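Please look over the sequence and the model shown here before reading on. The briefing below takes up charged pairs, aromatic rings and strand pairing in turn.

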Amino acid sequence: MPEGEGKPRRLPPLSALRAFEAAARLNSVGRAAAELGRTHGAVSRQIRALQEAAGVPLFDRAGTGIRLNAQGEALRRQVAGALDALEEGWRSVLEEAHGPSLHVACSATFAMRWLVPRLGGFYGAHPGVRLRLSMTSARQLRQEGADLVIAWDRAAYPPADRARALPLGGVAFGPVCAPGYPVAVTPGALRAPARIAQEHTPRAWALWQEATGCYVDCAAELRFPHTHLCLEAALGGLGVALLERRMAREALEQGRLAAPCGFAPFAEGLAAIPFSARAEGPAARAFLAWMRASLAAEDAASEDAAG
């Protein structure tokens, strides 16, 4: 038989497979329809047509929702694997056509106050690499398909993800407040009217207390969903915020913030968690090497200045 010829492929409609995979992954026809930009009825018809073509049901009813049965789960594994391979292949084609790219996710504060202002140095050394940045919560970052997630607090990630984390550099946290804010520091205690906490890193104050042996005694606690809001609240005199030294450096140098206890290192440090095969590619290796070198150079400069 000549190369390129053969029996026609016996495949169900790819649109039906996409509808099935989305509904199976999300456990909801409605959420699948929203993800695919289709109506609920259209996705339901595609799944029904797929079941009729297969000759077996693929879902069972579970209350008001749906649940994969054994046949559906077997098909889901095959379809998900095939779509993953197709997606990765398509990314490779795009990378070949447009140059290597990398999707990096991190907190908005880290992006604005450290990463973006320094990206000129990275692009100067690696002009062919294209970076895409996402700035949102850790759970949403994974769903957006980030290749690398940069984070210091990895407690919310599954153990397998934490085990894959690639160290980047140290982190050090300290209480900061507006000059003149009524904070009292005595051996073993920090007292202030209010402390400021970041909602998505609830361990930070506890870790700082463990690292320093200094008890935090505040009558009130204010919570904000983003670190830059915690910083602004501290600048506005609302309380004492716990910030990583790099995020507070500019305001400290300008005299707009004070750090009455200095900064204490956290053992976990900053790391990048890989979530795709692209995280092992040349673009990722170049980016991670640049980050490690940049962070280390800044730490060395800070130590020299302190000495």
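Which residue forms a salt bridge with E73? The partner is R76, and the closest N and O atoms of the two are 2.9 Å apart. This is a predicted model, in which local features need pLDDT of at least 70 and side-chain atom pairs count only at pLDDT 80 or more, while totals for chains, interfaces and linings use all residues. Residues are numbered from 1 along each chain as its sequence is written, and side-chain values use heavy atoms, with hydrogens and water left out.

**Salt bridges**

- A salt bridge is a side-chain nitrogen of Lys or Arg within 4 Å of a carboxyl oxygen of Asp or Glu, and the whole structure holds 18 of them.
- E73 and R76 are three residues apart in helix α4 (residues 70-98), so about one helical turn separates them; helices (H or I, at least four residues) and strands (E, at least two) are DSSP runs, numbered from the N terminus.
- E73 is partly exposed at 25% relative accessibility, where buried means under 20% relative accessible area, exposed over 50%, and partly exposed in between (1.4 Å probe, protein chains only).
- R25 and E35 also meet in a salt bridge (2.7 Å, N to O), and because R25 lies in helix α1 (residues 14-26) and E35 in helix α2 (residues 29-36), the pair ties together parts that are 10 residues apart in sequence.
- D217 forms a salt bridge with R191, with the closest N and O atoms 3.5 Å apart, and this pair links distant parts of the chain, since D217 is in strand β9 (residues 215-224) and R191 in strand β8 (residues 189-198), 26 residues apart.

**Aromatic rings**

- There are 12 aromatic pairs in the structure, where rings of Phe, Tyr and Trp (its six-membered ring) pair if their centres lie within 6.5 Å, and planes under 30 degrees apart count as stacked, over 60 as edge-to-face and the rest as tilted.
- The ring centres of W205 and W208 are 6.0 Å apart and their planes stand at 85°, so this pair is edge-to-face.
- W205 is buried at 4% relative accessibility, and W208 is buried too, with a relative accessible area of 1%.

**Strand pairing**

- Strand β6 (residues 166-176) pairs with strand β11 (residues 264-274) in the antiparallel sense over six bridges, two strands being paired if DSSP finds at least two bridges between them.
- Strand β6 also runs antiparallel to strand β10 (residues 240-244), to which four bridges join it.
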